[in-house]
Amino acid sequence: IIPNNARFSFVSKAPFSIILAVNLTSVTGNKWILQKRGSSSLSTAEYQIYISSGVLYIFLFDASTSGYIAYNLGSVAAGVNYVIAISYDSVNEIVCKINNVSQVVTKVTSGTFTSMRVTSSYLSIFYNNWSPTTTGRGTLDTLAMFNKDLTSAEMTDIYTKITTNQSLLL
């Protein structure tokens, strides 16, 4: 758990990108990977990335409605090294690459997303604040967050740098 820091918040409806290099020990049930959410209450939530029965999801929590939108980002398996790149363009468009392969991203909720609230919630890695039994298991090698919508070429460049142990400076 990383104490609240606005650097891990994405203001309003601005574009952002998250890159994770992970190897998951288990993908059964619900397993949290990364979240900025303080409790089960949606009023403390900004975003979360989690696995549910081998499927990777991202949730974006709406400040004005206290609702959320969720996207299916693709399938993952236990024991595999993944570089997951997720980018949001501020027009409800999520792009995801897993190991540099573009995924078919599907919106799985009917909610809307008008803006993200900034909360005092912690950034949690592999931890669910209100239900520790759903804590994720695995290793996180790299976490990079950007306050911009990364292009496909930038995602590929970062993937190459991670997989060849180079600096991530763009």
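Modeller: Thr 142 lies in strand β11, which covers residues 138-146. This is a predicted model, in which local features need pLDDT of at least 70 and side-chain atom pairs count only at pLDDT 80 or more, while totals for chains, interfaces and linings use all residues. Residues are numbered from 1 along each chain as its sequence is written, and side-chain values use heavy atoms, with hydrogens and water left out. Helices (H or I, at least four residues) and strands (E, at least two) are DSSP runs numbered from the N terminus.

Thr 142 counts as buried because its relative accessibility is 13%. Here buried means under 20% relative accessible area, exposed over 50%, and partly exposed in between, with a 1.4 Å probe and protein chains only. The side chain of Thr 142 also makes a polar contact with the side chain of Asp 141, at 3.2 Å. Such a contact is a pair of N or O atoms within 3.5 Å; within protein, one must be able to donate a hydrogen and the other to accept it, and residues adjacent in sequence count only if both atoms are side-chain atoms.

As for the setting, the chain holds 1 helix and 11 strands, and along the sequence the pattern is β-β-β-β-β-β-β-β-β-β-β-α. Of its 170 residues, 45% count as buried.

Side chains of opposite charge can pair when their charged atoms come close. The structure contains 3 salt bridges, each a side-chain nitrogen of Lys or Arg within 4 Å of a carboxyl oxygen of Asp or Glu. In one of them, Lys 36 pairs with Glu 46, and the closest N and O atoms are 2.9 Å apart. This pair links distant parts of the chain, for Lys 36 is in strand β2 (residues 30-37) and Glu 46 in strand β3 (residues 45-52), 10 residues apart. Both Lys 36 and Glu 46 are buried.

Another salt bridge joins Lys 148 to Glu 154, with 2.6 Å between the closest N and O atoms. Lys 148 counts as partly exposed, since its relative accessibility is 32%. In a further salt bridge, the side chains of Lys 161 and Asp 157 meet at 3.2 Å, N to O. These residues are 4 positions apart in helix α1 (residues 152-163), so about one helical turn separates Lys 161 from Asp 157. Lys 161 is buried, with a relative accessible area of 13%, whereas Asp 157 is partly exposed at 33%.
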